Amino acid sequence: MKSPIPDYLRQVLEKARPDTSGKLASYIDVLAKADPSKMAVALSTVDGNLYSVGDDQVEFSIQSISKAFVYALAINDAGLPRVLEKIGVEPSGDAFNKLSLQPGTHRPMNPMINAGAITAHTLVAGENATVEQRVDRILKAVSKVAGRKLQVDEEVYEAELKDANRNMGIGYMLKAAGIISCDPQEAVRGYIRQCAIKANVRDLAVMAATLGNAGVHPITGEQIMPHQSARQVLSVMTTCGMYDSSGDWVSRVGMPAKSGVAGGIIGTLPGQVGIAVFSPKLDERGNSVRGVKMFEQLSSEMGLHMMDSSQVGRATVRTWTMTIAGGADQPHECEQEVPVFGLRGAVRFAGSERLTRAIVREISPPNPDDPGSGRHTNACAVIFMLRDTYSLNYVALRIISEDIRRLLEAGKNVVVIDPAKVLTIDGNPAFKDKSPRVVNDEAEARHYIGGQGCRAVSHSDELY
């Protein structure tokens with residue numbers, strides 16, 4: 001059995017594809033030649049499952065997405081108090097490349113605009129570091145978060161450097177205000193190199209999930225950045241990450257995010273997922289048109305808005321094996337093992353994804369790299385325990401229904417223990433051809449599978 005989640009992401013991608021509005025970033029000649037048909041979306045859970053569809057291997061320069069991770073690195077290298085002396089945390093309300101500083105303090109308004117990002121760059125590896133030392137530190141750190149060695153796109157770097165007059169002006173403004181102490185031209189060259197680092201959406205989704213996992217890499221489990229740094233970065237991304245459309249973004253999408261003019265956007269819902277999208281055409285604010293549409297759909301359908309309190313609590317997935325015997329429909333001495341997949345709490349995407357992962361692991365053929373997988377490949381029946389499920393949001397209902405549909409299609413006898421009827425059956429498009437059996441308790445489930453008189457012999461369970 002295959003997970004339905006990539007299919008769902010593909011639908012999100014294709015729903016956004018017809019929108020051909022927006023323009024390529026014409027002020028950088030390499031980006032002005034980008035293929036506008038390219039699109040991709042990737043999603044990483046904080047416990048390391050990665051899903052992606054579309055042009056997910058296409059690399060593009062991360063541009064201003066780098067600002068979030070270099071800000072975290074500056075906090076690590078210089079300490080948060082020193083960083084706050086140099087860079088504010090207030091939304092600017094201005095274009096990202098405006099030559100402006102806070103009245104009184106002369107600090108850049110925040111680290112997500114160019115003035116703040118150039119300042120953050122100079123705080124990496126110590127204020128006396130050379131441009132080569134800073135860039136090397138940044139490239140190694142960003143590669144570690146991505147989980148593979150990343151490179152600078154030299155063509156993009158040279159193209160941006162040719163027309164860097166405005167950023168050079170920002171650099172000299174910062175030097176005159178006493179915010180940076182190094183050569184302004186070196187600061188800007190280093191900043192442009194960090195923006196020219198290239199990655200794909202899979203890399204960026206993992207990077208976003210690391211921020212959402214309190215700085216812990218979702219795949220390796222390594223503490224990449226301190227919890228405080230990740231929290232600070234997410235806080236500033238929430239209010240400033242989408243430039244002068246940040247308020248609209250928080251209202252409509254509702255998660256910390258950062259965009260780049262090559263067409264990438266990352267977003268993270270702390271404790272749940274990191275998401276990355278890519279589509280090169282930009283709106284008037286410099287954000288990917290299709291990328292914003294994909295995020296809006298994912299947030300709405302998956303219940304990812306951070307202010308959404310319509311479903312409280314978190315879901316727990318539990319699996320166990322019920323061994324039954326002695327029913328009217330089977331010989332008395334015959335025993336059969338039936339996998340049971342249980343959900344507890346208010347179930348959103350994260351809970352339904354963990355459930356799907358458990359089903360795929362148990363029902364699919366054994367994987368040599370995953371001892372214990374494929375234990376129930378030949379099971380004739382599967383039980384879903386929803387007795388302790390408080391609610392299913394839209395995307396959880398959709399994913400779980402598709403899980404059940406695929407099991408039915410594979411010839412499995414599916415029984416759902418659902419006394420509160422949280423799983424919609426009537427009118428559910430997943431069940432238009434065949435529906436699962438819905439019962440009120442375990443006894444009914446056993447009797448339906450093995451016949452009257454069937455009894456439970458043993459249980460063994462595992463928490464996901």
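Start with a charge over a ring: Arg318 lies over the face of Trp320, at 4.1 Å from the ring centre. Keep in mind as you look around that this is a predicted model. From here, the tour goes on to another arginine, then some aromatic rings, and then a strand with two partners.

**Charges over rings**
- Besides Arg318 over Trp320, you can look up Arg193, which sits over the face of Tyr157 at 4.6 Å from the ring centre.

**Aromatic rings**
- Searching the whole structure turns up three aromatic pairs.
- One of them is the tilted pair of Phe341 and Phe384, with 6.1 Å from centre to centre and 45° between the planes.
- That pair ties together distant parts of the chain, as Phe341 is in strand β10 (residues 335–347) and Phe384 is in strand β11 (residues 381–385), 43 residues apart.
- Phe341 is buried, at a relative accessible area of 1%, and Phe384 is buried too, at 1% relative accessibility.

**Strand β7 and its partners**
- Six of the six residues of β7 (residues 264–269) are buried, so the rest of the structure largely encloses this strand.
- Gly264, Ile266 and Thr268 point one way from β7, while Ile265, Gly267 and Leu269 point the other way.
- Strand β6 (residues 257–259) runs antiparallel to β7 and is joined to it by three bridges, with Ala257 opposite Gly267.
- Four residues lie between the strands in the β6 and β7 hairpin, where Gly263 has a positive phi near 110°.
- Strand β8 (residues 273–278) also pairs with β7 in the antiparallel sense, over six bridges, and Gly274 in β8 is the bridge partner of Thr268.
- The hairpin of β7 and β8 has three residues between the strands, and Gly271 there takes a positive phi near 85°.

Technical notes. Residues numbered from 1 in each chain as written. Predicted model: local features only at pLDDT ≥ 70, side-chain atom pairs only at ≥ 80, totals over all residues. Heavy atoms only, no water. Buried < 20%, exposed > 50% of the residue type's maximum accessible area, 1.4 Å probe, protein only. Helix = DSSP H or I, 4+ residues; strand = E, 2+ residues; numbered from the N terminus. Pairing = 2+ DSSP bridges. Phe/Tyr/Trp six-rings, centres within 6.5 Å; stacked < 30°, edge-to-face > 60°. Lys NZ or Arg CZ within 6 Å of the ring centre and 35° of its normal.
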